[in-house]
Amino acid sequence: MGRVVTVATCALNQWALDFEGNLERILRSIDIAKSKGARYRLGPELEICGYGCSDHYYESDTLLHSFQVLAKLLESPATQDIICDVGMPVLHRNVRYNCRVIFLNKKILLIRPKISLANAGNYRELRWFTPWNKARQVEEYFLPGIIQEVTGQETVPFGDAVLATKDTCLGAEICEELWAPNSPHIEMGLDGVEIFTNSSGSHHVLRKAHTRVDLVNSATAKNGGIYVLANQKGCDGDRLYYDGCAMISMNGETVAQGSQFSLDDVEVLVATLDLEDVRSYRAEISSRNLAASKVNPYPRVKVNFALSCSDEVAVPTCMPIQWRHHSPEEEISLGPACWLWDYLRRSKQAGFLLPLSGGIDSSATACIVYSMCHQVCLAVKNGNADVLTDARKIVNDETYVPENPREFCKRIFTTCYMASENSSQDTCNRAKLLAEQIGSYHINLNIDVAVKAVVGIFSMVTGRTPRFSAYGGSDRENLALQNVQARIRMVLAYLFAQLTLWTRGMPGGLLVLGSANVDESLRGYLTKYDCSSADINPIGGISKTDLKNFIQYCIENFQLTALRSIMSAPPTAELEPLVDGQVAQTDEADMGMTYAELSIYGKLRKIAKAGPYSMFCKLINMWKEVSTPREVASKVKHFFRMYSINRHKMTTLTPSYHAENYSPDDNRFDLRPFLYNTTWSWQFRCIDKQVNALYFLYGFISKALAMG
């Protein structure tokens, strides 16, 4: 009886529709797994085509090219004498499934379709795939000709089955199935499956990693067993960053942990474990054994192959480890930085340009780019040849070696302070000092000439000259003059992004970075088509509160002392006239709410699914120590008015790194109308009735108490 098995899992930085690159990374992971003695290798969900193909899944080309890659894998000497478990879409009887294709020595053992599809939040799997609803049933799948030529097989099993090797039994789950209340591993474990596998396409959300780890460990804590999880990593073409965290667990304890954030395109984890530990763990759980005696058995595909090695007595096994979680500030420093690196190298641009205002948001964005430069230099120092090759392409120098983050930053990062007559010297100085400390190529310019030219055209055509409210103008005039400044900054940002490197005698163009945070987007506190309109935005899914904590983290870990004055300054757009040379306008006064309140509104609106009335009912209890019911009602009404008036801005929101579950991203995550009845008459009337009822009740109680 085999005891000691060696299994491998991986995190791969796959890219949607990059069949060439995806194949190379899969083969590399198999080579590494075999070199470490593994007899089974698991890869991420849909790794052959890349998870984020979206409506390309409808195309027959995607299916064709996936099978072409599968044929290359089957033919490769690298895949011999190791069970390989890869992910791809498969069309069976004219129905498209998200599948695992498991093969050994040029023979396909099983095609296992996904049973529970992810269809909430950022996921739309039911749009492209159908779940396999025939529990514990298999059918014949007729292989396409290009696969038959390699395997010599005409048909293979397709469906909900498990693999029975000479020494153990393996069962597959696919991503969402781990999160489902009736996860397949429960019944599979009762039916004698000892090794569970899970291929995932799970993206990063702040403070989420522990949930995934807990689910994996709990999967085997009650039922015993070995759980092997693979995950996608990196940016595969959209707003999500898949955060790796490949892991292996046994009997409720982690035995191998992969990195959550790294620039390594291929990361392989290998663990050697004793199956007798699983068997003895299960033996003493009487409730499990009673349930197992009545379980409906799974179809078993027999495999004439063993995962255990011949000289197993001499092989050391892995011991439990303590999972090391990142703090939220570390997650912000690393996740968006890795996402930016993937976007930069895959877009084949020469760097980034950021309008740096000297405020918290643009400074946090600059710090993320600086963190990216740190990660690049560290990866090169650790011998990552892929990162070195990409860095040389970006800076157009075949001999270049990035060693100093500030020096690398100077080459690929341009910051630009765009002053106007409403800008203070303080913000100018803060931006300049931060640029010096991170090493960016910094530009100071003044936009007043352009603003006056645009306003002059309006005055020439209409015969009227708008004024700021500080000079007697109306609110309409005041807002229009602010928006002109903001939009001119966007136009200039793109002009300088296209031509700055040209003026320096360097090839290429720059990607424009936006820096509107998730709270401002939710409230709509931004000018449509201003500097929030950019190519990508690394902080668009992060709250102001988290960004402040991240700034403090950068002060302590990157020694960026310029951030101290930025932290202490009140957030301001600096679009209205100064008073005695000082800023009179502040963001929170303009918005009519604090950033802390905005975060609460956002979580209640999206995560708690609260409309105006439900939000009011929750907040009168949450804020009972600081606000009266009437004040709460006023705050809730103001938020929903401003949210609905400005919702149209979300339709043009810059693609942003997804980090918060209350993001208002209109692309796929937060699907709402953008033309609202902003009076919310029925909803607000319900709030008013409840307020009046509460005050009547308070009055009655007060009168009763007074009467003794």
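A residue counts as buried when its relative accessible area is under 20%, as exposed when over 50%, and as partly exposed in between (1.4 Å probe, protein chains only). Keep that handy, since arginine 212 has 2% relative accessibility and so counts as buried. What you're looking at is a predicted model, where local features need pLDDT of at least 70, side-chain atom pairs count only at pLDDT 80 or more, and totals for chains, interfaces and linings use all residues. Residues are numbered from 1 along each chain as its sequence is written, and side-chain values use heavy atoms, with hydrogens and water left out.

**Salt bridges**

- A salt bridge here is a side-chain nitrogen of Lys or Arg within 4 Å of a carboxyl oxygen of Asp or Glu, and the structure has 33 of them.
- Arginine 41 pairs up with glutamate 47 in one of these, with 2.7 Å between the closest N and O atoms; both residues are buried.
- Aspartate 243 and arginine 212 make another, at 2.9 Å from N to O.
- That pair ties together distant parts of the chain, 31 residues apart: aspartate 243 sits in strand S12 (residues 242–243) and arginine 212 in helix H7 (residues 209–221).
- Those labels come from DSSP runs, numbered from the N terminus: helices are H or I with at least four residues, strands are E with at least two.
- Aspartate 243 is buried too, at a relative accessible area of 1%.

**Around aspartate 670**

- Aspartate 670 meets arginine 605 in a salt bridge of 2.9 Å, N to O.
- These partners are 65 residues apart: aspartate 670 lies in the loop between helix H23 (629–646) and helix H24 (681–706), while arginine 605 belongs to helix H21 (residues 595–607).
- Both aspartate 670 and arginine 605 are buried.

- Two strands pair if DSSP finds at least two bridges between them.
- Strand S11 (residues 226–234) runs antiparallel to S13, joined by 4 bridges, and leucine 229 stands opposite methionine 247 in S13.
- S13 also runs antiparallel to strand S14 (residues 253–257), again with 4 bridges; here methionine 250 faces glutamate 253 in S14.
- S13 and S14 form a hairpin with 2 residues between them, and asparagine 251 in the turn has a positive phi of about 50°.
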